[in-house]
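Me: I'd like to learn how to read the pockets of a protein model. Could you walk me through it?

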Amino acid sequence: MTRRRTMGALIALAFLAAGCAGGAMTDKKPLYDRLGGRPAIQAVVDDFIANVAGDARINQRFAGANIPRLKMRLVDQICEAAGGPCKYTGQSMKVAHAGMKITDAEFAALVEDLVKSLDKFKVPAQEKSELLGALGGMKTDIVNQ
Ligand code: HEM
């Protein structure tokens, strides 16, 4: 009986451990909440696009862009990617950047402009790296298309 109880306890422990591993050993809230929800994402995107507009390395790329729509789509996209309650309704990254032949250097410049905003809004290192990781996963669909 004791032995069986020990087994039961072990199995319960194993399940607990598996649950922790699924959440990367944390009981953290979704990235969306940790970022501060949609208003915080909106504030970062506004500041980020202002950085891009002042960035001579890439601003020519956005000369013909619909900035209010781009901002709205970026907010939706980041919100959704962070596990928030938004739905991105824009084009796929491949289609949106098709024919632009965006270079690695231009991609890096844009990420740099975003990092400036994340730092300005004091987004902590963990959240910053999770967000940049999610966007970095889109790189192959954006660069050299
Ligand atoms: C992680 C990196 C990037 C993300 C997440 C991203 C995201 C987006 C999104 C969501 C759109 C809107 C698509 C739509 O309206 O359906 C868009 C459009 C666009 N992107 Fe990017 N992009 C990235 C990198 C870049 C880079 C590096 C450049 C150029 C230097 C660039 C230039 C553009 C341009 C010119 C448009 C069209 C805007 C318009 O016509 O209104 N993107 N991008």
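Reply: Happy to! Helices here are DSSP runs of at least four residues, numbered from the N terminus. Keep in mind that this is a predicted model.

Me: How is empty space found in the first place?

Reply: Rolling a probe the size of a water molecule over the atoms shows where empty space is left. In this model, the largest pocket has a volume of about 820 Å³, and the second largest pocket holds about 170 Å³ of space.

Me: Which helices each supply at least two residues of the lining of the second largest pocket?

Reply: They are helix H2 (31-35), H3 and helix H7 (125-136). H3 provides the largest share, five residues. The lining has 12 nonpolar, no polar and three charged residues.

Me: Which residues lie nearest the centre of the largest pocket?

Reply: Of its 31 lining residues, Phe62, Leu70, Leu74, Ala96 and His97 lie nearest the centre. Helix H4 gives the most to this lining, with six residues.

Me: And where is the ligand?

Reply: The ligand takes the space of the largest pocket. H4 also gives the most to the shell around the ligand, with five residues. That shell divides into 15 nonpolar, five polar and four charged residues.

Terms used: Residues are numbered from 1 along each chain as its sequence is written. This is a predicted model: local features need pLDDT of at least 70, side-chain atom pairs count only at pLDDT 80 or more; totals for chains, interfaces and linings use all residues. Side-chain values use heavy atoms; hydrogens and water are left out. On a 1 Å grid over the protein atoms alone, a cavity is a set of points where a 1.4 Å probe fits but cannot get out, and a pocket is an open set with protein on both sides within 12 Å along at least five of seven lines; lining residues have an atom within 4 Å of a point. A molecule sits in a cavity or pocket if more than half of its atoms lie within 2 Å of its grid points. Ala, Val, Leu, Ile, Met, Phe, Trp, Tyr, Cys and Pro count as nonpolar, Asp, Glu, Lys and Arg as charged, and the others, Gly among them, as polar. Grid points are joined across faces, edges and corners, and a volume is the space filled by probe spheres set on the points.
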